Amino acid sequence: MLNNIYNIGVTSLSNAQVGVSNASNNIANADTEGYARTQLVTTTSSTVTINGLAAGTGADIVAIQAQIDSFIEAQYLDASSEYEAYTAIYELLSQAESILSTDEDSGLGASLDAFWSAWNDLAEDPSSESAREALLGVSETLVYELRSTSEELDELQRGIEDEIAAQVGEANSLLEQIAELNLAVAADPTDLDALYARNLAVENLAGLMDITVSDGSNGMVAIYTAGGTQLLQDGECNELVYLSSSSTESQTDASTWDGEMSFSGESSEEILMEFVSGGADGTAQFKVSYDGGSTWETDGDGNVLLYTASATDPAVVDGVEIVFSGTGDHAAGDRYTATAKSGLYLTRDGGDSYKTLTPLTDSSGENKSGRISGGSLAGLFIARDDTLASLQDEVDELAEALIWEVNKLHSQGAGLEHQSALSGTCAAGDSSAVLSGSGLEYAERITSGELSLVSYDADGNVLSRQGVTIDPDADTLDDVVAALNAAFGGELAFTVESDGTVSIQTGTADSFEIASDETGLLAALGLNTYFTGSDAGDIALNSAVATDASHVNCQVAETDGTVSSGSNDTATAISELASAEVEVGGNTSTLGDHLSALISGVGSAVASAELKQTYAETSWTYYQEQKQSVSSVNTDEELISLTKYQQQYEAAARIIEAANNMFEIILDMG
């Protein structure tokens, strides 16, 4: 019995020492990131029979257990992924909003208003040199605003691409780290440092992408995307890759087609093509989806659009040129995807194939299953593809419409001096092709009609007014130039230069003016225009205007060929564009309304993202507090534990002392 008492005292003394050590360690790690407080797990020791009676033998410490609630941890990981996604979206959209910010005195909107006002001022005083110079100054400001807006949006996009690449690398590093720590935990389940490090790595990974974690019986964890794609199992993990573009194919058993689907161009959309009829390249028809097949592209009447594509006649889908080049026949149900943008993929089969993880939403805003939708990586992709890509397009559409509408009017006008030569700023890719297929930037805007010019002698008297009728679907640029040369009989010389541009020179005539252009060909060629370029990134003032304000066209050549110094038809027409409904990006609106809608749309997106981030932060904070209530160290509670174990130590020492005294009494009796 005395031995049992002594052993109980020794065990209790040892347990108290472990308790003091554990409480001290908890206090020391109160501020350590990823640390979960530990607690002793004790069990009653086996009983012994002494003099026919069952007697206890004390208590044993069977484990030092980290206080982690797996259910709360899973909720915390989900909340963290959602919060990080909306934070990334909100921050990026806020940056875009600041780029487009405008007020009465500055910004793109103010510059556009000042541009229309300057044309109106010129219309009120057509011969004013100062009004022309003021217009050029305001125009340079507008050009600067458009180009700087485009450049800043491009820079924001590049920054997103760089950040995505960096976060993909970070995610791969975390997966490798978790795999290594898995092995460490399996080898020694009592290695709490490895457990803490693994938990912290998992939490960091959840901040990058939404994941689910499954605990294994061997102490290891398996990690999947929220959509169910396995990222890590035991000590092995797949690699995430960031590819600039990709394509996939899925043919039915009935398909005999053997070839290659290729594409060129860029799009923020993931283009899914599904054949609806069988046949060879160029005859088999396919439909297109931008949301993984949930909905299909339709025309204005709601009918599904159908395409054909071959090596000689590509299909253009959302700005991407699609080519099918092969032998055999496609079959209904054959599917192909063209992803003309960078995306996130997971390597499979040893790196020989890839699974797409890039976020994708359907028309209702629901996330496509199997893709990531949470974490900062998803937020970067969603902001890039769902808002910022279209934002850049809308700014370009504004600039394109501005350039075209101003140039179409300006190219038919006259300045303070007659023209002696004009050089085009836009090149045709093939002057022998019909105008609609010539490769001119604005070829699709050229219409059928008459183009007329007036020639003058050295005294400014009209020599002749000649015109040609143009059909963009039948006439080539070479045809038009030949017809004009024939019409003017040497008075003027029209030439298609080697670079595809067109020039007009005087021959026997001394000068000339544009009389009218119903077709828009001059604007498409960049002849007698105000702007050059085709989008916000390359818009500029035509050097002929910028270097000589007298060539700012305010007047027009009258029916008899004369130009009145007091006329203001061109300037008035351009100033009236401020309220004119024009085609902008396939829709009809004023240029100012398009810009206002663009800015308003970004503002609404920012407000929505901020609201979602606020809700996500509330949820994240709640689960963080729940997690901390279970796992974090409360120093007050640990001090109480420390006191308890100190007292237990003292009591155990008294037990040992009592046992020793009893031994001495027995020895003295002997």
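How do α4 and α5 run relative to each other, roughly parallel or roughly antiparallel? In this predicted model, helix α4 (residues 129–187) and helix α5 (residues 192–208) pack at an angle of about 155°. Angles over 145 degrees count as roughly antiparallel, and therefore α4 and α5 are roughly antiparallel to each other.

## Helices around α4

Let's stay with this pair for a moment. The axes of α4 and α5 lie 9 Å apart, and α4 passes α5 in a left-handed crossing.

Helix α4 also packs with helix α6 (residues 375–410), at an angle of about 160° and with the axes 10 Å apart. That angle therefore makes α4 and α6 roughly antiparallel to each other. Their crossing is left-handed.

## Salt bridges across the chain

How many salt bridges does the model have? The count comes to six. One of them joins Glu 161 to Arg 384, with the closest N and O atoms 3.1 Å apart. Glu 161 lies in helix α4 and Arg 384 in helix α6, so this pair ties together parts that are 223 residues apart in sequence. Glu 161 is partly exposed, at 24% relative accessibility, while Arg 384 is buried at 3%.

Next comes Glu 203, which forms a salt bridge with Lys 627; here the closest N and O atoms are 3.1 Å apart. Glu 203 sits in helix α5 and Lys 627 in helix α11 (residues 591–631), so the bridge links parts of the chain 424 residues apart. Glu 203 counts as buried at 15% relative accessibility, and Lys 627 is buried with a relative accessible area of 19%.

Another bridge pairs Arg 371 with Glu 270, the closest N and O atoms being 2.8 Å apart. Arg 371 is buried at 9% relative accessibility, and Glu 270 is buried at 9%. Salt bridges that share partners also join Glu 161, Lys 341, Arg 384 and Asp 385 into one network.

## Two residues with positive phi

Most residues other than glycine have a negative phi. Asp 234 has a positive phi, near 55°. You will find Asp 234 in the loop between β7 (230–233) and β8 (236–237), where it is partly exposed at 30% relative accessibility.

Asn 528 also has a positive phi, of about 65°. Its place is in the loop between α8 (521–525) and β25 (531–532). Is Asn 528 buried or exposed? At 5% relative accessibility, Asn 528 counts as buried.

On the surface, Val 276, Val 304 and Leu 306 form a nonpolar patch, with about 220 Å² of accessible area together. Leu 306 belongs to the loop between β13 (286–289) and β14 (315–317). With a relative accessible area of 41%, Leu 306 is partly exposed.

Turning to the buried residues, Leu 451 is found in strand β20 (residues 449–456) and has a relative accessible area of 2%. Leu 451 and Gly 467 are 16 residues apart in sequence, and their C-alpha atoms are 5.3 Å apart in space.

Val 545, in helix α9 (residues 543–546), is buried with a relative accessible area of 2%. From Val 545 to Ser 596 there are 51 residues in sequence and 29 Å in space, C-alpha to C-alpha.

How values were computed
Residues are numbered from 1 along each chain as its sequence is written. This is a predicted model: local features need pLDDT of at least 70, side-chain atom pairs count only at pLDDT 80 or more; totals for chains, interfaces and linings use all residues. Side-chain values use heavy atoms; hydrogens and water are left out. Patches are made of residues with over 30% relative accessible area and no salt bridge: like charges are joined within 9 Å, nonpolar side chains (Val, Leu, Ile, Met, Phe, Trp, Tyr) within 5 Å. Accessible areas come from the Shrake-Rupley method with a 1.4 Å probe; for residues, only the protein chains shown count as cover. A salt bridge is a side-chain nitrogen of Lys or Arg within 4 Å of a carboxyl oxygen of Asp or Glu. Helices (H or I, at least four residues) and strands (E, at least two) are DSSP runs, numbered from the N terminus. Buried means under 20% relative accessible area, exposed over 50%, partly exposed in between (1.4 Å probe, protein chains only). Axes are lines fitted to C-alpha atoms, for helices over the stretch in contact, and angles run from 0 to 180 degrees between N-to-C directions. Angles under 35 degrees count as roughly parallel, over 145 as roughly antiparallel, 65 to 115 as roughly perpendicular and the rest as oblique. A crossing is left-handed if the near helix is turned anticlockwise from the far one by less than a right angle, and right-handed if clockwise.
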